[in-house]
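Look at the sequence and the structure, then read on.

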Amino acid sequence: MSFIELKNVCKEYANTNKKAVTDFNLKIDEKEFIAFVGPSGCGKSTTLRMIAGFEEITSGELYIDGKKMNEVAPRDRGISMVFQNYALYPHMTVEKNISYGLKNMKVPSKEIKKKVDWAIDILGLSEYRYRKPKNLSGGQRQRVALGRAIVKDQKVFLMDEPLSNLDAKLRVSMRNEISKLHRNLGSTTIYVTHDQVEAMTMADRIVIMKDGVVQQIGKPMDLYEHPVNKFVAGFIGSPQMNFYNVKVDGNKITFADGNSISVNEEISDKLKNRKEVILGIRGEDIKFDPQNIDVFKENRQKAVIENTEIMGNENNLYFEFGGTSSVARVSKYEVAGVGEEVEFVFVPHRIHFFDIATEEAISI
């Protein structure tokens with residue numbers, strides 16, 4: 001049995017007709033870093049709270065280290081949790097906030113000091129040891145919350161959107177801090193976020209949820225390269241994948257604006273008996289450079305640039321194509337001005353196709 005296992009776990013609140021979480025199944029290995037990701041209201045935090053014991057499981061079973069936990073009190077589950085709002089005691093110093101839980105656990109004073117000194121050192125909080133939360137920055141408060149969790153020496157860490165209150169620069173540095181902590185401590189970590197960049201950069205595996213239902217579970221690049229449906233394809237990746245409703249006629253794919261491309265026999269065979277599908281392609285697979293245009297010249301297209309985003313290391317070019325707004329992600333050396341007509345090609349083997357009715361991926 002895996003270290004943590006959820007079997008057909010469901011959550012339904014009273015006086016509601018819809019389940020908040022439906023038939024959630026997941027096996028987590030010891031020391032694994034798992035991210036739950038999805039839009040607001042998808043059930044990711046509810047699932048985390050059921051694992052913690054803060055929410056009752058309506059049906060299904062939860063096991064931690066081989067023991068069924070459905071009826072076990074939160075304090076007895078061997079879990080430490082880091083919350084979105086830090087949940088620090090405002091009247092206590094950094095040192096006392098970190099040590100408070102250990103005192104409640106009746107840990108000997110010498111052991112408490114040893115653990116607190118260790119946490120303060122590895123989290124870079126030495127100069128803030130005697131400050132209270134009101135005198136700390138957001139990043140420092142989050143590190144104190146992490147310190148309070150790690151000193152308990154639990155086998156499982158649960159983190160509920162711990163970086164959402166931080167600015168962009170701090171989020172990047174704290175992502176690095178949390179990843180290093182995970183490697184150093186060897187704990188099993190479940191991390192909830194709505195930010196797909198956090199999930200992609202930190203997790204060993206990602207669980208993508210929508211409306212309380214798991215859409216796909218896998219390694220970050222597996223989800224990016226092989227999404228099982230349109231929702232996953234659109235949620236993972238920035239900028240979002242471009243989608244077009246297209247008509248299929250043999251090896252010819254026709255867009256809503258009348259433009260068309262041809263596909264090879266292998267792809268056309270997979271699409272046979274389908275009159276209409278959804279075509280998806282990521283921005284980096286739309287090419288503007290002469291080399292790619294020459295290689296795929298039979299599918300060369302034209303468009304007028306409507307907007308540009310200069311990102312420093314790359315540029316995003318926006319244009320109307322296929323009856324919808326599209327975006328290409330190009331190198332920093334490829335610059336096009338607003339109103340400029342450009343040529344481009346779709347890289348054929350990087351195109352995704354989805355069923356028009358179910359939005360499930362079509363295996364190519």
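Start with the classes used for lining residues: Ala, Val, Leu, Ile, Met, Phe, Trp, Tyr, Cys and Pro count as nonpolar, Asp, Glu, Lys and Arg as charged, and the others, Gly among them, as polar. Keep in mind that this is a predicted model.

**The second largest pocket**

Apply those classes here. The lining of the second largest pocket divides into 9 nonpolar, 5 polar and 3 charged residues. Its volume is about 360 Å³. The lining has 17 residues, and His349, Ile351, His352, Ile362 and Ile364 are the closest to the pocket's centre. Two elements, α9 (265–271) and β20 (352–355), each supply at least two lining residues. β20 has the largest share, with 3 residues.

**The largest pocket**

Now turn to the largest pocket, which holds about 490 Å³ of space. Which residues lie nearest its centre? They are Phe54, Ile79, Ser80, Met81 and Lys152, out of 19 lining residues. By class, the lining has 11 nonpolar, 5 polar and 3 charged residues.

**The cavity**

A cavity differs from a pocket in that a 1.4 Å probe fits inside but cannot get out. The model has 1 cavity of 30 Å³ or more. About 50 Å³ of space lies in the largest cavity. Its lining consists of Leu146, Ile150, Phe157, Met159, Ile178, Leu181, His182, Leu185 and Thr189. α4, β7 (156–160) and α5 (168–185) each give two or more of these residues. Which element gives the most? It is α5, with 4 residues.

| Space | Volume | Lining by class |
|---|---|---|
| Largest pocket | about 490 Å³ | 11 nonpolar, 5 polar, 3 charged |
| Second largest pocket | about 360 Å³ | 9 nonpolar, 5 polar, 3 charged |

**A buried helix**

Why is α1 (residues 44–52) largely enclosed by the rest of the structure? Buried means under 20% relative accessible area. By that cut-off 7 of the 9 residues of α1 are buried, so the helix is largely enclosed. The buried residues are Lys44, Thr46, Thr47, Leu48, Met50, Ile51 and Ala52. Just after α1 comes Gly53, with a positive phi of about 100°.

How values were computed: Residues are numbered from 1 along each chain as its sequence is written. This is a predicted model: local features need pLDDT of at least 70, side-chain atom pairs count only at pLDDT 80 or more; totals for chains, interfaces and linings use all residues. Side-chain values use heavy atoms; hydrogens and water are left out. On a 1 Å grid over the protein atoms alone, a cavity is a set of points where a 1.4 Å probe fits but cannot get out, and a pocket is an open set with protein on both sides within 12 Å along at least five of seven lines; lining residues have an atom within 4 Å of a point. Grid points are joined across faces, edges and corners, and a volume is the space filled by probe spheres set on the points. Buried means under 20% relative accessible area, exposed over 50%, partly exposed in between (1.4 Å probe, protein chains only).
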